[in-house]
Amino acid sequence: MNNTISNTFYLGIDAGGTKTQAVVTNQDCSIKTEYITGSGNYKAVGLQQAIQNIKEATQNAIQNIQNKLKTTIEIESACIGMASLDTPHDREILTEAIQKAFKNLPILKCKLVNDTKIALRSGTKNPNAIVLIAGTGSHCYGTNQKGVEV
């Protein structure tokens, strides 16, 4: 049995209309921490508050795992699913704001997507699928048999 813990870490963030949940885990998911803050939807609470909530959740999730391991870590890759990332204009605003907020955090790569994409992939690996979100807001997203957005 191998007792070695993977030192490659990943960050997943669900920045929704009600709450922002950040989860840090290692490659084999043997270590996991999370932190929850307020809304990450800039259209609901304003850009400054949304980014502050996302950054707080991220910093605390990273700090929690560092405390658990008693060492610093580096995040190999992060993905943020954002409830308000609907248009190219949203992407421009949010990308700039996240880059500034994450500037001094130990994150190597960060990808921003609409939260429907993370919801779809968390529910199935089937390329032919659809998700409907009916929470604080509503949205739908789907892919065809070839995995192409529809």
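**Ground rules**

I'm working on a predicted model, where local features need pLDDT of at least 70 and side-chain atom pairs count only at pLDDT 80 or more, while totals for chains, interfaces and linings use all residues. Numbering runs from 1 along each chain as its sequence is written, and side-chain values use heavy atoms, with hydrogens and water left out.

**Entry 1: the largest pocket**

I looked for pockets on a 1 Å grid over the protein atoms alone; a pocket is an open set of points where a 1.4 Å probe fits, with protein on both sides within 12 Å along at least five of seven lines, and lining residues have an atom within 4 Å of a point. The largest pocket comes out at about 650 Å³, a volume being the space filled by probe spheres set on the points, which are joined across faces, edges and corners. I find 23 residues lining the largest pocket, with Asp14, Asp115, Ile118, Ala119 and Ile133 nearest its centre.

Which element gives the most to this lining? It is α4, with five residues. β5 (110-114), α4 (115-123) and β7 (138-143) each supply at least two; helices (H or I, at least four residues) and strands (E, at least two) are DSSP runs, numbered from the N terminus. By class I get seven nonpolar, ten polar and six charged residues in the lining of the largest pocket. Here Ala, Val, Leu, Ile, Met, Phe, Trp, Tyr, Cys and Pro count as nonpolar, Asp, Glu, Lys and Arg as charged, and the others, Gly among them, as polar.

**Entry 2: the second largest pocket**

I get a volume of about 230 Å³ for the second largest pocket. Its lining has 14 residues, and Leu85, Asp86, Asn114, Lys117 and Glu149 sit closest to the centre. β7 gives the most to this lining, with three residues. The lining of the second largest pocket splits into six nonpolar, four polar and four charged residues.

**Entry 3: serine 84**

I see its side chain reach the backbone nitrogen of tyrosine 42 at 3.5 Å. Leaving out neighbours within four places in sequence, serine 84 is in contact (heavy atoms within 4.5 Å) with Gly40, Asn41, Tyr42, Lys43, Asp90 and Leu94.

**Entry 4: salt bridges**

I count four salt bridges, each a side-chain nitrogen of Lys or Arg within 4 Å of a carboxyl oxygen of Asp or Glu.

Aspartate 86 pairs with lysine 43 at 3.3 Å, N to O. Aspartate 86 is in the loop between β4 and α3 and lysine 43 in helix α1 (residues 42-45), so this pair ties together parts 43 residues apart in sequence. Both ends are partly exposed, aspartate 86 at 40% and lysine 43 at 48%. I also note a network of salt bridges linking Lys43, Asp86 and Asp90.

Lysine 109 meets glutamate 76 at 4.0 Å, N to O. Lysine 109 is in the loop between α3 and β5 and glutamate 76 in strand β4, so the pair ties together parts 33 residues apart in sequence.

Glutamate 96 bridges to lysine 100 at 3.2 Å. The two are four residues apart in helix α3, about one helical turn. Glutamate 96 is partly exposed at 45%, while lysine 100 is exposed at 60%.

Definitions and conventions
A polar contact is a pair of N or O atoms within 3.5 Å; within protein, one must be able to donate a hydrogen and the other to accept it, and residues adjacent in sequence count only if both atoms are side-chain atoms. Buried means under 20% relative accessible area, exposed over 50%, partly exposed in between (1.4 Å probe, protein chains only).
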